[in-house]
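Hello,

Here is the structure I promised to pass on to you. Please have a look at it first, and then read my notes below.

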Amino acid sequence: MPQPDSPAALRTAAVDAHRRGDLARAQDLYARYLALVPGDAGHWSNLGVLLRTSGRHAMALRVQQRAYALTPDAPGVRNNYANILSDLGDYERSVALRHEALEKTPGDLNQLAMIGRCYRGMGKYRAAVAHLEPLVTQYPDEAEFQIQLAFARLGAGDYAQGFQDYRARWGSAELTPRNIPFAQWDGQTDLAGKSVLVLPEQGFGDAVLFNRLLPLLAAHGARVLLLVEKPMARLFQDVAGADWVGTALPVSEKVDYWINVMDLPLLGLHSRADIPPPTRLHVPADSVARAQTIVAPYADSFRVGVVWTGSLTYKGNAFRSFGHTDFLPLTDLPGVQLFSLYKGPALHAYRADGSSALIVDAAGTDRDLADCAATMQQMDLIITSDTATAHIAGSLGLPCWTILHWDPFWVFTHRGAKTPWYPSMRLFRQTTPLDWSEVMGRVRDALERHVAKLRGAA
């Protein structure tokens, strides 16, 4: 039997802990094992997978580079290295590695899908479509090909086919199929006299983005029932196109069909030329009064509402979000006062380091997103990461600067400072993956010029 601290025992214990999900223990055991057996590429790669799962992508890259240098021809090592390269935006190198893998195993569906993903990540939408279209035909039951093709087409502005492809999302492992006791809408356009229940899905920002399309459903004669999540309920209480809005469907309410909110584009959104104005949001009077009280001491300041992170449980949040401290250089600008519009677990770090003295906490006690919207209306400018805040600010028509990571949501595409989805929004794009300093420097300079211009005009 191996001794407890022997390489064999440490190796086995590390793998067991990793499989159980005890990542802290597994990490320690991998480190102890690799100190004794530094040439084991497979376990360097395993450690890299663990670090990637834990959100420590830069460290995962270093570890995977070491594994690949040891055994560049090992399929698992090559795949794990290609994955972290994709995560961190080194798409060309990732594609090259995946082509190497396909030379050995031509039918590797994961590699084929990820090549399309990499083209899309580079903003090469046409190349992604050309790569993925034949794969969807060849492998019609592989949802990942169709999902990647959907995002490529949406980025290119082909909404008619892109949203049709995106229906494949319910065949992926990331979403649980609906179990609804009504018939699903499946393309019927004769809806006169029919009641259609619209269901929320995914994030709050998606609801704000897509509820502008409710009138498309109403135009087909349907009685539209909009189910919303509680934090959004007051914002949507009189949304255009809905006959009923609520957080729970009354037992007495008749339903003929149901539809996912992100399938509403199938009713008539074909291209960017068809994009309707943003969703009209309701901001209650009591929320307005509350917001006015919060900002009252800063009547003479240029007020900037800021958000640095979205939901911490969203798998891509580590890439699209940054730290609250990245906003601190903006607090040094004379006459500018920042207000945090964020509510969530990331407030702990913001309060712990003293940042809340410089960036006023205007949202920590929000009851819902209607309170947040009201506070936004008291701002002169919103500066936010790509999260629900951006969609709400854009829907309210407020001046909003959205800071995007290198591979943004399809609504924002990969180029340009504007989006047709939100006319009042200006986009600031990260140029180097994981490096927020350069783009935040441009944001600070733009804010300084903007405030100086306003003062000059006054």
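Predicted model: local features only at pLDDT ≥ 70, side-chain atom pairs only at ≥ 80, totals over all residues.

Residues are numbered from 1 along each chain as its sequence is written, and side-chain values use heavy atoms, with hydrogens and water left out.

Aromatic rings

The whole structure holds 19 aromatic pairs (Phe, Tyr and Trp rings, the six-membered one for Trp, with centres within 6.5 Å; planes under 30 degrees apart are stacked, over 60 edge-to-face, the rest tilted). Trp308 and Tyr342 make a tilted pair, because their planes meet at 45 degrees, with the centres 5.3 Å apart. They are 34 residues apart: Trp308 sits in the loop between strand S6 (302–307) and helix H14 (317–320), and Tyr342 in the loop between strand S7 (336–340) and helix H15 (347–352). Helices (H or I, at least four residues) and strands (E, at least two) are DSSP runs, numbered from the N terminus. Trp308 is buried at 2% relative accessibility, and Tyr342 is buried at 6%.

Phe319 and Trp406 pair edge-to-face, with 5.6 Å between centres and 80 degrees between planes. Phe319 belongs to helix H14 and Trp406 to the loop between strand S10 (400–404) and strand S11 (425–429), so this pair ties together parts 87 residues apart in sequence. Both Phe319 and Trp406 are buried.

Nonpolar cores

A core here is a set of buried Ala, Val, Leu, Ile, Met, Phe, Trp, Tyr and Cys residues joined through side-chain atoms within 4.5 Å. The largest one has 93 residues, and Leu217, Phe327, Ile383, Trp410 and Leu447 touch the most other members. Setting aside neighbours within four places in sequence, Trp410 contacts Phe151, Leu154, Gly155, Tyr159, Phe163, Leu209, Phe210 and Trp421 (contact: heavy atoms within 4.5 Å). Trp410 also belongs to an aromatic cluster with Tyr159, Phe163, Phe210, Phe409, Phe412 and Trp421.

The sheet

Five strands form an open sheet in the order S1-S5-S2-S3-S4, with parallel pairing (two strands pair if DSSP finds at least two bridges between them). Its edges are strand S1 (183–184) and strand S4 (244–246), each of which pairs on one side only. Strand S5 (residues 257–260) pairs with S1 over two bridges and with strand S2 (residues 195–199) over four. Along S5, Tyr257 and Ile259 point one way, Trp258 and Asn260 the other, and all are buried.

Salt bridges

There are 24 salt bridges, each a side-chain nitrogen of Lys or Arg within 4 Å of a carboxyl oxygen of Asp or Glu. Asp87 and Arg52 form one of them, with the closest N and O atoms 2.4 Å apart. Asp87 is in helix H5 (residues 75–87) and Arg52 in helix H3 (residues 41–53), 35 residues apart. Asp87 is buried at 17% relative accessible area, whereas Arg52 is partly exposed at 33%.

Arg290 and Asp366 meet at 3.0 Å, N to O, and both are buried. They also take part in a network of salt bridges that links them with Arg234, Asp286, Arg367, Asp368 and Asp371.

Best wishes

How values were computed. Buried < 20%, exposed > 50% of the residue type's maximum accessible area, 1.4 Å probe, protein only.
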